[in-house]
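Subject: A structure for you to explore

Hello,

Here is the structure I promised to pass on to you. Have a look at it first, and then read on for what turned up in it.

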Amino acid sequence: MERLRKLIERVADADAVVLIRGETGSGKEMVARAIHESSRRASEPFMAVNCSALPGPLVESMIFGHEKGAFTGAQQRVRGQLELAAGGTVLLDEIAEMPVELQAKLLRVIEDRRFRPLGSETEVPLRARLLAATHVDLHERMAAGRFREDLFFRLDVVTLEVPSLAEHTADMPALIATFVAGQSRPLSFTSEAIEWLQRRSWPGNVRELRNAIERVALLSDAEAVDGAVLREVVGDCTGRAAAEVDKIARAILALPERIGSS
């Protein structure tokens, strides 16, 4: 983590594209924000686009913007993230999921530092810095023909590897303290509880740990959290089972207050 911190400081003021790699939930967007906030662009906007969250045409419109009438339903001009970011930073998250035809357009943007909104006849200069993030192996995507080699080599100028939580469990007390500070009520964890959390598997990495702390704050009445509380509220379940527990818990919390007490 210290090595990663030093690399962030080193690349912060460069204009080169940075590729951020790491498992889901490991903190790739946090790394991107740290690069932005450590740079001379910190006073400008930070924009994040999740390339896997929307269909290809909508992602293209979100990134590049569009003119009125560019497609069915385009009733007004909309500026894309590249334009809204001004002189700030744009993170293209989950870039491996970007459609191949859109990858070609992005490659030209990186090379020419200009982009053309959908339906526009004029190009707009790119002032923002580009960062990209992925949790998958881009070499495998290239071998499968799902990611352009030329785009990969343009992105792979500087690559930052974000370690999984399993690789830095010694940081867990600091992470817990940070997440507890964000809760609406006081909460403390015993040494037994911290050891239990350090032993547990975290396939969702730091994001899963943060969600677990939030779940304890919502569902437990204890102010001093020990191993028994964690086994009851968090449990040893991982993966799909944990997702089902979260789904049920959120459904219960969404019930009208008239049904019963908190």
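Two strands count as paired if DSSP finds at least two bridges between them. With that in hand, look at β1 and β8: four bridges join them, and the two strands run parallel. Please keep in mind throughout that this is a predicted model.

**The sheet**

Where do β1 and β8 sit in the sheet? The open sheet has five strands, and reading across it you meet β2, β5, β8, β1 and β9, with parallel pairing. At the edges are β2 and β9 (residues 158-162), each of which pairs on one side only. From one strand to the next, the twist averages 20°.

Strand β1 covers residues 18-22, and its pairing with β9 is parallel too, over five bridges. You can find individual partners on both sides of β1. Towards β8, Val-18 stands opposite Leu-131. Towards β9, Arg-21 lies opposite Glu-161, and Gly-22 is opposite Val-162.

Is β1 enclosed or open to the outside? Four of its five residues are buried, so β1 is largely enclosed by the rest of the structure. The cut-off behind that word is a relative accessible area under 20%.

**Helices on the sheet and on each other**

Helix α1 (residues 2-11) packs on the sheet, where it touches β1, β8 (129-134) and β9. The direction of α1 makes about 150° with that of β9.

Helix α1 also meets α2. Two packed helices are described by the angle between their axes and the distance between the axes. For α1 and α2, the axes come within 8 Å and cross at roughly 45°. That angle makes α1 oblique to α2, and the crossing is right-handed. Which residues make the contact? From α1 they are Leu-4, Ile-8 and Val-11, and from α2 they are Val-31, Ala-34 and Ile-35. By class, this contact has six nonpolar residues, with no polar and no charged ones.

Now turn to α3 (residues 56-64) and α5 (residues 100-112). Their axes lie 11 Å apart, at an angle of about 15°. Angles under 35 degrees count as roughly parallel, and α3 and α5 are therefore roughly parallel to each other. Their crossing is left-handed. On the α3 side the contact involves Gly-56, Val-59, Glu-60 and Phe-64, which meet Leu-102, Lys-105, Leu-106 and Val-109 of α5. The residues of this contact divide into five nonpolar, one polar and two charged.

**Two residues to look up**

Is Gln-81 buried or exposed? Gln-81 belongs to helix α4 (residues 81-84). With a relative accessible area of 14%, Gln-81 is buried. Leaving aside residues up to four places away in sequence, Gln-81 touches Met-47, Ala-48, Val-49, Met-62, Ile-63 and Val-90.

Ser-43 is found in the loop between α2 (28-37) and β2 (46-50). Its relative accessibility is 72%, so Ser-43 counts as exposed; the cut-off for that is over 50%.

Happy exploring, and do write back with any questions!

Best wishes

Methods: Residues are numbered from 1 along each chain as its sequence is written. This is a predicted model: local features need pLDDT of at least 70, side-chain atom pairs count only at pLDDT 80 or more; totals for chains, interfaces and linings use all residues. Side-chain values use heavy atoms; hydrogens and water are left out. Axes are lines fitted to C-alpha atoms, for helices over the stretch in contact, and angles run from 0 to 180 degrees between N-to-C directions. Angles under 35 degrees count as roughly parallel, over 145 as roughly antiparallel, 65 to 115 as roughly perpendicular and the rest as oblique. A crossing is left-handed if the near helix is turned anticlockwise from the far one by less than a right angle, and right-handed if clockwise. Contact means heavy atoms within 4.5 Å. Ala, Val, Leu, Ile, Met, Phe, Trp, Tyr, Cys and Pro count as nonpolar, Asp, Glu, Lys and Arg as charged, and the others, Gly among them, as polar. Buried means under 20% relative accessible area, exposed over 50%, partly exposed in between (1.4 Å probe, protein chains only).
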